Amino acid sequence: MNTGQHSRAGLPFRAGLPLNTGLPWTVLRLHRAALIVWGVFLLAALGTLVWEVEVTADAVRERISACAGTGGLCRLRVAIDYGGTISWVSTLVYYSFFAVAAFAAGALVGRELENGTAELAWTQSVSPTRWLAAKLAVPALLLVAGGTVFVLMFRWAWTANRDLMGDDWTFDDVFAARGPALVAYGLCGLGVGALAGVVVRRSLPAVAVACGAMYLVNHNLEVHREDLWPTVGDGVHPESHYWPMHLVETGIVLGVAVVATGVAFWALRRRTG
């Protein structure tokens, strides 16, 4: 087959480059729409944080000053306009691991196993293991890079005008978005989604399984978060416990990601002999 053409199953080949060498480029081309959506979503989130801190905060303070003599309810409503927007940004990015799991289970792995595209790739000198590794490596790198930038930006935005914020470090989205747990959840969604795709081999059922599994992981960690580190005094966690608790949760989530990814490779090798 001419490497300058497209295969009948829709696998793009980079001109002059064997498929087993250009597989990451193949992944980028096949899923460029999803990657563009992720990039636009992340840029919009970052842009909103910058706008709120650099523009909206001053306007909010002016409105609060205008509330003088009208009672605390006026000031509260104005502050909610600022803190609520930042809170929504962190919430959407935090729970985007559901979208990652759905993408990995459906489009990234499940659909190609379901329609036979993966088998065609394996006939082009690409082993199933290498195929799955390339499928996961590209989005994993983007998740780590994008997630890290967002965490740094969110930490800056969250601390910039604390008097205008109505949340604290114990809020679920804030707890994750201020550190590497945010990236860990994204990688976990990728690994769990890949496992669901390999095992179920049908895109829509795999999406349901992956999202359900991620819900269980996240929900149980949020419910039992206070048990991740010993309390002090009358059974409370001071803010100094943030990093110990955060790192323990990050380690658990990364552990799930590693196990899920490892089992996905094992299951794929077992199915393909």
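**Chat about helix α10 and some residues around the model**

Me: What do the buried residues of α10 pack against?
Reply: They pack against α5 (117-122), α6, α7 (172-177), α8 (181-200) and α9. This is a predicted model, where local features need pLDDT of at least 70 and side-chain atom pairs count only at pLDDT 80 or more, while totals for chains, interfaces and linings use all residues. Residues are numbered from 1 along each chain as its sequence is written, and side-chain values use heavy atoms, with hydrogens and water left out.

Me: Which residues of α10 are buried?
Reply: Y242, M245, H246, E249, T250, V253, A257, A260, A264, F265, A267 and L268. Buried means under 20% relative accessible area, exposed is over 50%, and partly exposed is in between (1.4 Å probe, protein chains only). Helices are DSSP runs (H or I, at least four residues), as strands are (E, at least two), numbered from the N terminus.

Me: Why does the length of α10 agree with what it should span?
Reply: At 1.5 Å a residue, its 31 residues should span 45 Å, and the end C-alpha atoms are 45 Å apart. The expected span is 1.5 Å times one less than the number of residues.

Me: What comes just after α10?
Reply: G273, with a positive phi of about 75°.

Me: New topic: G106. Buried or exposed?
Reply: Buried, with 5% relative accessible area. G106 is part of helix α4 (residues 97-115). Not counting residues up to four places away in sequence, G106 touches R111, S203 and V207.

Me: How far is the C-alpha of G106 from that of G197?
Reply: 6.6 Å, though the two are 91 residues apart along the chain.

Me: Which residues make the nonpolar surface patch?
Reply: W25, L28 and L142, covering about 260 Å². L142 belongs to helix α6 (residues 128-160) and is partly exposed at 34% relative accessibility. Patch residues have over 30% relative accessible area and no salt bridge, with like charges joined within 9 Å and nonpolar side chains (Val, Leu, Ile, Met, Phe, Trp, Tyr) within 5 Å. A salt bridge is a side-chain nitrogen of Lys or Arg within 4 Å of a carboxyl oxygen of Asp or Glu.

Technical notes:
Contact means heavy atoms within 4.5 Å. Accessible areas come from the Shrake-Rupley method with a 1.4 Å probe; for residues, only the protein chains shown count as cover.
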